[in-house]
Amino acid sequence: MFKTVAETVSYVNDLRVLIKDVKNVDVAIAPPFTSVAAAVEAAKGSAIDVAAQNLHWEREGAFTGEISATMIRAIGARSVIIGHSERRTLFGDTNETVNKKTHAALTAGLVPIVCIGETLDQRDRNETMAVLDKQIKDGLDRVTGEQLSGMVLAYEPVWAIGTGRNATPAQAGEAHFHIRQRLKQWFGLDASERCRVLYGGSVKPDNIAKLIAEPDVDGALVGGASLDPKSFFAIITGAVSK
């Protein structure tokens with residue numbers, strides 16, 4: 001929950017200048033709903049895509065305060081974040097609602113960016129892989145291999161976000177390897193290789209290079225470090241060599 005419309009437009013204008021010569025990396029920002037349309041307009045003609053931060057699974061109806069996939073698509077966003085750790089821990093998102101939202105996004109032609117990851121308690125109880133398995137199996141229920149090929153998953157170790165505890169590149173790599181193996185097992189080799197799996201646990205300019213060097217880490221879902229365009233640009237350039 002950062003940035004007014006004016007602040008978002010200023011951010012996009014700064015970022016598009018910074019990344020104008022960047023090659024071989026896809027860049028997207030996910031502003032608040034109030035700024036999505038303005039971000040789309042400001043990003044026209046640049047390499048910046050725009051995503052929404054959440055959605056409701058119904059097309060329309062008596063759901064005051066909610067936004068549908070169709071509404072998001074209509075204002076020009078191309079993707080949407082689903083099941084972010086904050087949505088799960090603060091606002092009650094479950095694997096079942098993540099699944100509904102994922103199908104709604106796919107139906108509307110949006111790219112789902114589906115977030116998965118374990119809490120500190122789950123990590124300490126050595127439940128990480130079991131939690132990931134359930135989130136993938138339930139959250140992606142009835143998703144086809146063809147659909148998965150165009151999707152994005154984001155691994156968010158919740159215990160490594162704002163807690164002072166950071167996941168090592170090896171820990172991130174281990175989780176990403178497990179996720180990739182499960183995708184291969186449940187959706188097929190081609191889909192598992194084409195689906196991009198991002199890392200989203202306190203990504204910063206000083207750790208992106210080591211994280212992106214892990215074989216199954218395809219990119220990053222960046223939080224606080226993306227609020228300043230120069231910091232975000234430093235992360236983008238750190239990922240270019242992948």
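How many strands form the open sheet, and in what order do they come? In this predicted model, 7 strands make up the open sheet, lined up as 1-2-3-4-5-6-7 with parallel pairing. At the edges sit strand 1 (27–29) and strand 7 (219–220), each of them pairing on one side only. As a bit of background, the strands of a sheet pair through backbone hydrogen bonds, and this can happen in a parallel or an antiparallel way.

Zooming in on one pair, strand 4 and strand 5 (residues 152–155) run parallel and are joined by 4 bridges. Here I113 stands opposite V152 in strand 5.

Is E118 buried or exposed? Its relative accessibility is 0%, so E118 counts as buried. Leaving aside residues up to four places away in sequence, E118 touches R123, T128, V131, Y155, E156, P157, V158 and W159. With one of these, Y155, there is also a side-chain link: a polar contact of 3.0 Å joins the two side chains.

What about the cysteines? The disulfide count comes to 0. C115 is in no disulfide, and the nearest cysteine sulfur, that of C195, is 12 Å away. For a disulfide, the two sulfur atoms would have to be within 2.5 Å. C115 counts as buried because its relative accessibility is 1%. C195 is buried too, with a relative accessible area of 0%.

Note on methods:
Residues numbered from 1 in each chain as written. Predicted model: local features only at pLDDT ≥ 70, side-chain atom pairs only at ≥ 80, totals over all residues. Heavy atoms only, no water. Buried < 20%, exposed > 50% of the residue type's maximum accessible area, 1.4 Å probe, protein only. Polar contact = N/O pair within 3.5 Å; in protein donor to acceptor, adjacent residues only side chain to side chain. Contact = heavy atoms within 4.5 Å. Pairing = 2+ DSSP bridges. Helix = DSSP H or I, 4+ residues; strand = E, 2+ residues; numbered from the N terminus.
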